[in-house]
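Colleague: I would like to go through this model and ask where its labels come from. Please show it first.

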Amino acid sequence: MLNKNYSKEHEEYLKKLKRRKMAIITVQILILILFFVQWEIMANLKIVDPFLVSQPSRMVKFLIKLYNEGTLFRHIGVTCYETIIGFVLGTIIGTIIAILLWASDFISKVLDPYLVVLNALPKIALGPIIIFWVGNGQPAIIAIALMISLIVTIISVSSGFKEVDKDKIKLLQTFGASKLQILRYVVLPSSIPTMISALKINVGLSWVGVIVGEFLVAQEGLGFLIVFGGQVAQLDMVMLSIIILSVAAYLMYEIVAIFERKYLRWRG
Amino acid sequence: MVATLKIENLSIKYHTLDDETEAVKNLNLDVNDGEFISIVGPSGCGKTTILSAIAGLLRPSSGKIYLDGSEINYPCNKNCNKIGYMLQRDHLFEWRSILKNVTLGLEIQNKFNKNSVKKIEDMLQKYGLLSFKDYYPHQLSGGMRQRVALIRTLATDPEILLLDEPFSALDYQTRLAVSDEIYKIIKDEGKTTIMVTHDIAESISLSDRVVVLSKRPAQIKNIYDIKLSVENRTPLKSREAPEFRYYFNAIWKELDIHVE
Ligand SMILES: Nc1ncnc2c1ncn2[C@@H]1O[C@H](COP(=O)(O)OP(=O)(O)OP(=O)(O)O)[C@@H](O)[C@H]1O
Ligand SMILES: [Mg+2]
């Protein structure tokens, strides 16, 4: 449709939309800049205590120090790695379990209350047990992240499966489809939007799991920097890690969103 | 003439936790080879249920259905592949292109190969859809979607077609045009057809026989042999036949629809 000749009115309309979008982005960036500038000034003027709230210039110094020590990317990398493994595993294993539940209505009904209980339970409470079982290291962190996203995935993907249009299943049955074919041809493809939204939720949950896990056991990673910074009263370290964490979380969410747009092309 | 499809003493009840619904009672019907039969009846009387039973999608409470002399069982057996069932809505899969939608039945029945692609492309060509084969369903009009759904049903080369209100989703103008097209497709392919509809005029204009059902539980009230004095019969021409009005009034009275 790009090469179509639009009327003047339509061109005006498009321009207006574009201007509005630019305005929104500009204001968003301005807010960010203002926030950091006022933070810096307030700290410089000792209106707020830089020891307690840190200050952008100190954070930059700390960033450079980490970079020079060569540990900056190591910490970011470790945390991102754990998070990605956590939410990818959570989504895949959760979906597989949801498929098994779909295959047997009986098992699904039997397990229903247990899933509800597990879902209500704050999974973080299982942290110490997981460390005890899995060991005091990275696998435990990933396991905690996985625990947090797993049950939600099972529940949301299962309910997505149940919402699949019964008549579409009936249509396949008119061709004599087997249960496996029904899964492959209609249940899975029409649940892709649900699975992607589970993936999106899991990205967020996985960050929570990983950071908590790192609080408990880690020797490296952003979560470790946050706890360690707190223990040695280095608020620069804490604040910087939180900011890096926010940026990383945002980027990861965007990547999943791009993935979503790509896969939902046919929705038009 | 030997009946292709034979329905004997068919009764169907639905059981749910809080009720039992008798949808079909003691129904007998013979359908001949190449015949176009319409079933009309009040809303909710059990028309879809009858088609589902013929397609082997549900287990009758009693009675038997034979296709070419062999019984149709539930869950559906080999006989299923001889039946093409077009549901009340087109149910095209949004995530599949038009071509992939049409090949769905073949894929399920493991009959998909190079030859079938050729055959399907010929069919799409013949019915004016070839240039849309890489489109997705949302890019098509309602009438086109309906034609795609029919071709999807025909692609597995069934002996008998079951159409459940195939035109109900279309507006009146489109409906007339699409029923003309679809009638032509079915006659071209020489299929035996059972069509369910609410529309009396539509049933007369398309069919060789019209079966009128009672209120639920569905029983046959009457069967009309439609004999129209038009040459080269098409649904649109049929509507101009002098006998059309007669059949219309008779079936209308038979249906006994009250507005309360
Ligand atoms: N799965 C089911 N479980 C219980 N009752 C059902 C079920 N399917 C249909 N019925 C009931 O059986 C009766 C017949 O339904 P059916 O769908 O065959 O009617 P229909 O003639 O096709 O109606 P319509 O004209 O609205 O399409 C209805 O009263 C309906 O409520
Ligand atoms: Mg119906």
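Colleague: How many nonpolar, polar and charged residues does the shell around ligand 1 have?

Modeller: This is a predicted model, so everything here is computed from predicted atoms. The shell around ligand 1 has 3 nonpolar, 8 polar and 3 charged residues.

Colleague: Which residues come nearest to ligand 1?

Modeller: There are 14 residues around ligand 1, and the nearest are Gly44(B), Gly46(B), Lys47(B), Thr48(B) and Thr49(B).

Colleague: What makes Ser43(B) a polar contact of ligand 1?

Modeller: A polar side-chain atom of Ser43(B) lies 3.3 Å from an oxygen atom of the ligand. The cut-off for a pair of N or O atoms is 3.5 Å, so the pair counts as a polar contact. A backbone N or O atom of Gly44(B) lies 2.9 Å from an oxygen atom of ligand 1, and for a polar backbone atom of Gly46(B) the distance to a ligand oxygen is 3.0 Å. Taken alone, ligand 1 exposes 630 Å², of which the protein buries 65%.

Colleague: Which elements give two or more residues to the shell around ligand 1?

Modeller: They are β1 (3–16) and α1 (47–54) of chain B. The most comes from α1(B), with 3 residues.

Colleague: Now the rings. Why is the pair of Phe36(A) and Trp39(A) called stacked?

Modeller: A pair of aromatic rings is described by the distance of the centres and the angle of the planes. There are 9 aromatic pairs over all chains. For Phe36(A) and Trp39(A), the centres are 5.8 Å apart and the planes are at 25°. Centres must lie within 6.5 Å to pair, and planes under 30 degrees apart count as stacked, so this pair is stacked.

Colleague: How far apart are Phe36(A) and Trp39(A) in helix α1 of chain A?

Modeller: They are 3 residues apart in that helix, which covers residues 8–44, so about one helical turn separates them. Together with Phe35(A), they form one aromatic cluster.

Colleague: Are Phe36(A) and Trp39(A) buried or partly exposed?

Modeller: Buried means under 20% relative accessible area, and exposed means over 50%. Trp39(A) is at 11%, so Trp39(A) is buried.

Colleague: Why is the pair of Phe36(B) and Tyr183(B) called tilted?

Modeller: The ring centres are 6.1 Å apart and the planes are at 40°. Under 30 degrees would be stacked and over 60 edge-to-face, so the pair is tilted.

Colleague: What makes Lys179(A) count as lying over the face of Trp102(A)?

Modeller: Lys179(A) is 4.8 Å from the ring centre of Trp102(A). The distance limit is 6 Å, and the charge must also be within 35 degrees of the ring normal. The pair is listed as a charge over the face.

Colleague: How do you know that Phe93(B) is buried?

Modeller: The relative accessibility of Phe93(B) is 0%, and the limit is 20%, so Phe93(B) counts as buried. Phe93(B) lies in the loop between β6 (83–86) and α2 (98–102) of chain B.

Colleague: Which residues does a cis peptide bond join?

Modeller: A cis peptide bond joins Arg216(B) and Pro217(B), with omega about -5°. Pro217(B) is found in the loop between β9 (209–213) and β10 (220–225) of chain B.

Conventions. Residues are numbered from 1 along each chain as its sequence is written. Chains are lettered from A and ligands numbered from 1 in the order in which they are written. This is a predicted model: local features need pLDDT of at least 70, side-chain atom pairs count only at pLDDT 80 or more; totals for chains, interfaces and linings use all residues. Side-chain values use heavy atoms; hydrogens and water are left out. A residue is near a molecule or strand if one of its heavy atoms lies within 4 Å of it. A polar contact is a pair of N or O atoms within 3.5 Å; within protein, one must be able to donate a hydrogen and the other to accept it, and residues adjacent in sequence count only if both atoms are side-chain atoms. Accessible areas come from the Shrake-Rupley method with a 1.4 Å probe; for residues, only the protein chains shown count as cover. Helices (H or I, at least four residues) and strands (E, at least two) are DSSP runs, numbered from the N terminus. Ala, Val, Leu, Ile, Met, Phe, Trp, Tyr, Cys and Pro count as nonpolar, Asp, Glu, Lys and Arg as charged, and the others, Gly among them, as polar. Rings of Phe, Tyr and Trp (its six-membered ring) pair if their centres lie within 6.5 Å; planes under 30 degrees apart count as stacked, over 60 as edge-to-face and the rest as tilted. Buried means under 20% relative accessible area, exposed over 50%, partly exposed in between (1.4 Å probe, protein chains only).
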